[in-house]
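Morning, everyone. Please have the sequence and the model open on your screens. I will go through them briskly.

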Amino acid sequence: MDENEFLKSVQEKLDKMAEYDCKTGIANLKNRNEIVDLLKIVNGALARHQVTDTVSNSHIRFYADFIGNILPPIKDKKLSHLIFDTYFPTPRLQSYYHFTSFAAAKNIITTQKLRLSNLRKRFQDGEYSEFYSDHGMDGYKTGGTVLGIDCSEKSIMSEIFFLSLSSSGIDYVGDTKWNDFGENGEGIRIELEVITKHNDFREVYYSLHRNQNCIPLLKDLFTEIKTKYDVPFNFTYSSKIGAFYIKGQFQNENEYRFLIKRTSDDYNANYLQPTIIDPVENIAYIEIPLISEFANFKIISVQPGFNCSDDDIQEITQLITSTDPTIIVRTKALEDYGI
């Protein structure tokens with residue numbers, strides 16, 4: 001870079017800093033003079049969508065380039081919790097079910113570890129990205145770096161790992177958990193007790209099941225704030241929310257997801273090293289112990305699928321006897337009724 005190019009680069013940075021400082025000054029004025037109107041918009045949207053609580057100026061504010069609750073001085077993330085708790089409730093069931101292959105079930109019992117795949121595994125199904133498309137949040141499409149963190153869709157999906165669980169231990173006729181996740185009945189259904197230690201264990205939201213193609217509250221907040229103030233609404237945990245949203249209507253609509261985001265600010269998961277299984281698509285998995293700082297998982301029972309061989313049933317029974325005889329080995333699932 002010659003001297004002229006260097007001076008031009010410096011000037012551009014100075015101009016951007018000056019522009020940002022100007023925007024920040026305007027935002028500070030709005031926080032003094034227009035915060036009441038902003039709160040009317042936000043609390044009005046909450047009330048219309050049956051959220052009985054409200055937020056104050058300690059929960060949302062104007063920033064230079066957006067309106068939200070991400071940066072200081074906002075510390076209380078109440079607004080984000082209201083959104084999550086309304087549409088993605090924290091599960092309260094006594095047990096959950098995980099349909100998996102015979103080999104995976106053996107590995108879980110032997111190693112006492114669970115394998116979580118990253119969201120790139122579901123990219124071809126349109127998951128995650130459809131949430132942001134449906135709600136007009138295109139920032140993850142264009143990407144960019146914020147505070148040294150890659151905010152592109154591909155990067156974020158690569159860092160969020162999930163375990164899918166079902167609230168139903170019965171696979172009804174026409175329901176496909178055994179076929180889709182249990183090796184066409186050759187696999188195993190594991191019953192788990194889950195005691196989570198973070199907030200990233202949530203019920204999945206199926207949009208079309210509710211005759212909607214979006215989350216109405218968020219759609220209103222995004223639209224109304226952008227229309228009135230010409231800046232986007234942005235909130236803490238927005239990068240995770242797409243992992244709990246599925247645009248579709250399925251017969252298996254009793255799914256729960258346990259998430260670990262390696263770059264989360266709420267807990268330390270960055271030390272978990274992913275194992276890459278598809279370097280082109282960046283599909284990977286992590287493993288966590290059944291008892292960890294993220295959650296306690298206890299295996300209650302296992303059930304062989306309707307196509308599980310007698311040899312496999314005997315093998316897993318012997319494995320359980322030698323490792324944890326408190327685990328119940330249930331009778332083989334019935335093909336006609338999937339139970």
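I will start with the overall picture, then take strands, a helix, rings and charges.

First, the ground rules. This is a predicted model, so local features need pLDDT of at least 70 and side-chain atom pairs count only at pLDDT 80 or more, while totals for chains, interfaces and linings use all residues. Residues are numbered from 1 along each chain as its sequence is written, and side-chain values use heavy atoms, with hydrogens and water left out.

Now the overall picture. The protein has eleven helices and 17 strands. Both are DSSP runs, numbered from the N terminus: helices are H or I with at least four residues, strands are E with at least two. Of the 339 residues, 47% are buried. Buried means under 20% relative accessible area, exposed means over 50%, and partly exposed is in between, using a 1.4 Å probe and protein chains only. Next, contacts, meaning heavy atoms within 4.5 Å. Take the contacts with a separation of 6 or more: 77% of them join residues 24 or more positions apart.

On to strands. Two strands pair if DSSP finds at least two bridges between them. Look at β8, residues 188-196. It pairs with β3, residues 96-100, in the antiparallel sense over five bridges. It also pairs with β16, residues 295-304, again antiparallel, over nine bridges. Follow one residue across. L192 in β8 is the bridge partner of Y96. L192 also has a bridge partner in β16, namely I299.

There is also an open sheet of three strands, in the order β1-β2-β11, with mixed pairing. Which strands stand at the edges? They are β1 (61-62) and β11; each has a single partner strand, so one side of each is left without a neighbour in the sheet. β1 pairs with β2, residues 67-68, in the antiparallel sense over two bridges. There, R61 has G68 as its bridge partner.

Now a helix. α3 covers residues 78-87, and its buried residues are L79, S80, L82, I83, F84 and Y87. What do they pack against? The partners are α2 (35-48), β9 (201-203), β10 (205-206), α9 (216-229), β11 (233-234) and α10 (238-241).

Next, rings. Rings of Phe, Tyr and Trp (its six-membered ring) pair if their centres lie within 6.5 Å; planes under 30 degrees apart count as stacked, over 60 as edge-to-face, and the rest as tilted. By this rule there are 20 aromatic pairs. Take F88 and F244: the ring centres are 6.0 Å apart and the planes are at 50 degrees, so this pair is tilted. F88 is in the loop between α3 and β3, and F244 is in the loop between α10 and β12 (245-246), so the pair ties together parts 156 residues apart in sequence. F88 is buried, at 0% relative accessible area. F244 is buried too, also at 0%.

Y96 comes back here. With F201 it forms an edge-to-face pair, 5.3 Å centre to centre and 75 degrees between the planes. Y96 lies in β3 and F201 in β9, so this pair ties together parts 105 residues apart. Both Y96 and F201 are buried. Ring pairs also link a cluster: F84, Y87, F88, F131, Y205, Y237, F244 and Y245.

Last, charges. A salt bridge is a side-chain nitrogen of Lys or Arg within 4 Å of a carboxyl oxygen of Asp or Glu. The count comes to 15. E224 and R48 form one, with the closest N and O atoms 2.7 Å apart. E224 is in α9 and R48 in α2, 176 residues apart. E224 is partly exposed at 26% relative accessible area, and R48 is partly exposed at 43%.

D200 lies in the loop between β8 and β9 and K240 in α10, so the pair ties together parts 40 residues apart in sequence.

That is my tour. Thank you.
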